[in-house]
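This report describes the fold, the core, the ligand surroundings and selected local features of one protein model. The sequence and the structure are shown first.

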Amino acid sequence: MNNYNPKKLEKFVADIFLHSGSNEQESKILGDHLVDSNLVGHDSHGVIRVSKYIEWLHQDKIKLNQSIKILKEEDHFLHIDGNFGYGQPIAKYSLDIAITKAKAKGHCILAMKNLGHIGRVGAWSELAATNDCVSIMFVNTSGFGILMAPHGGTDRRLSANPIAIGVPLENNDYLVLDMATSVVAEGKIQVAKNKKVKLADGLILDGHGNPTNDPEVFYSTVGSILPFGGHKGFGLAFMIDILSGTLTGGNSSHPDNSNSHTVINNTFAIIIDTKKTVSESYFQNDIKRLINWVKASPKAKGVEEILLPGEIEKNNKKQRLSDGIPLDDQTIKGLIDTANFVGMKDVDENFMKELLV
Ligand SMILES: NC(=O)c1ccc[n+]([C@@H]2O[C@H](COP(=O)([O-])OP(=O)(O)OC[C@H]3O[C@@H](n4cnc5c(N)ncnc54)[C@H](O)[C@@H]3O)[C@@H](O)[C@H]2O)c1
């Protein structure tokens, strides 16, 4: 495990996308988003994804350089078709419009269908929050991303259906809850497989419906991930599928749909300018009171600090911006192979050493 310089890594990852046909804007958005996911500690949604994205591109599961197609636009509503383009650029272009609308008109409902993988959903709530907007985002993966067993079931029926809720704080700061409704995000199983470590109890089933801790077994037998919180997590996941899949027109997780050959993230989001309901001072002061109240709870044994939604990510980012991003050998090999595949023939282990902190 070596630590990589975030800025150099961003440029390298953007270069891989540039060499694979993405334009500069698309390449930069992808490079920035993926490296930022590593910075906040979500390695499962970081540069480990590059090889998969390029593989999907070459399997025609994703289209290069797509612009957004506006299906319907009203003062408080935006319906977008992402044309099967990379999810991160489509999400950014769409959110920029929705945030502008929310700031002008108080709120905007954003429905997006047919986007590639949008990555770490919290990044989009952070974007809204740093523009003084509260956001609630629901995401599903129609077709190809089915991973989660229903409560009481034993095989894959739903996608990991994440939810993110973002709230702006003073000084460009924010609180962001960002979580899959599966008890663990699939990317974390991939990371555990790469690191050759076992998972905790109660997270996954093998392909025969039996509990297992082994990421290898999860993949080799096509196992499933359990919902978080039993019937409650399952219920939330099920309804998120309808909001983000059905209501956007992008399809629910049922495999019998036209998107089932690819990974498509459909998103239903509500963006609200906080100043349209209460004064800024009230909003911030009341949140401060809540934070202080909650943080003052006597800590359980072994707990150093009560953390708020998004706090662990902000702490990780501070640390990794100074120490660099740790990447395992398997991930580095994947990046080298992918760079070579897209024509960057000078990329090898020595080249990667130049990217170290
Ligand atoms: N695009 C997709 O299709 C897709 C699908 C699933 C998940 N994801 C992404 O995967 C990532 C990981 O999801 P996850 O469910 O594994 O997240 P997680 O379990 O690591 O974190 C969930 C939330 O809990 C908070 N948290 C973590 N530890 C805490 C603690 N000790 N105290 C208080 N709060 C704490 C985090 O700040 C976060 O808001 C997310 O970024 C999510 O958006 C994306």
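What percentage of the 357 residues in the protein is made up of buried residues? In this predicted model, buried residues account for 46% of the 357.

## Overall fold

The protein contains 12 helices and 12 strands. Its C-alpha atoms occupy a box of roughly 55 × 45 × 45 Å along the principal axes. The radius of gyration is 20 Å, which agrees with the value near 21 Å that a compact globule of 357 residues would have.

Of the contacts in the protein with a separation of 6 or more, 66% join residues 24 or more positions apart.

## Nonpolar core

The largest nonpolar core has 86 residues, and the members that touch the most others are V13, A98, L110, W124 and I271. Leaving aside residues up to four places away in sequence, W124 touches A91, L95, I118, M137 and A164.

A269 is placed in strand β11, residues 263-273. A269 counts as buried because 27 C-beta neighbours lie inside 10 Å, where the cut-off is 20 or more. With residues up to four places away again left out, A269 touches A98, L110, S135, I136 and M137. A269 and W124 are 145 residues apart along the chain, and their C-alpha atoms are separated by 10.0 Å.

## Surroundings of the ligand

The ligand is surrounded by 25 residues, of which R120, V121, A160, M179 and A180 are the closest. By class, the shell divides into 13 nonpolar, eight polar and four charged residues.

Four elements each supply at least two residues of this shell: α5 (121-129), β5 (133-143), β7 (174-179) and α10 (311-323). The largest share, three residues, comes from β7.

Helix α1 covers residues 6-19. The buried residues in α1 are P6, L9, E10, F12, V13, A14, I16 and F17. They pack against β1 (2-4), α2 (24-39), α3 (50-58), α10, β12 (325-327) and α11 (329-341). One of them, V13, is among the residues that touch the most other members of the largest nonpolar core. Just after α1, G21 adopts a positive phi of about 115°.

Helix α8, residues 230-246, has 17 residues. From its first C-alpha to its last, α8 reaches 23 Å, close to the expected 24 Å. Its buried residues are G233, F234, A237, I240, D241, L243, S244 and G245. An α-helix has 3.6 residues a turn, so residues three or four places apart point the same way.

Most residues other than glycine have a negative phi. N65 has a positive phi near 50° and lies in the loop between α3 and β2 (69-74). With 13 other C-beta atoms within 10 Å, N65 is partly exposed.

N172 also has a positive phi, near 65°. N172 is located in the loop between β6 (163-168) and β7. Is N172 buried or exposed? N172 counts as exposed because it has 10 C-beta neighbours inside 10 Å, and the cut-off for exposure is 12 or fewer.

Conventions. Residues numbered from 1 in each chain as written. Predicted model: local features only at pLDDT ≥ 70, side-chain atom pairs only at ≥ 80, totals over all residues. Core = buried A, V, L, I, M, F, W, Y, C linked by C-beta atoms within 7 Å. Contact = placed C-beta atoms within 7 Å. Rg over C-alpha atoms; globule rule 2.2 N^0.38 Å. Near = placed C-beta within 6 Å. Nonpolar A, V, L, I, M, F, W, Y, C, P; charged D, E, K, R; others polar. Expected span 1.5 Å × (residues − 1).
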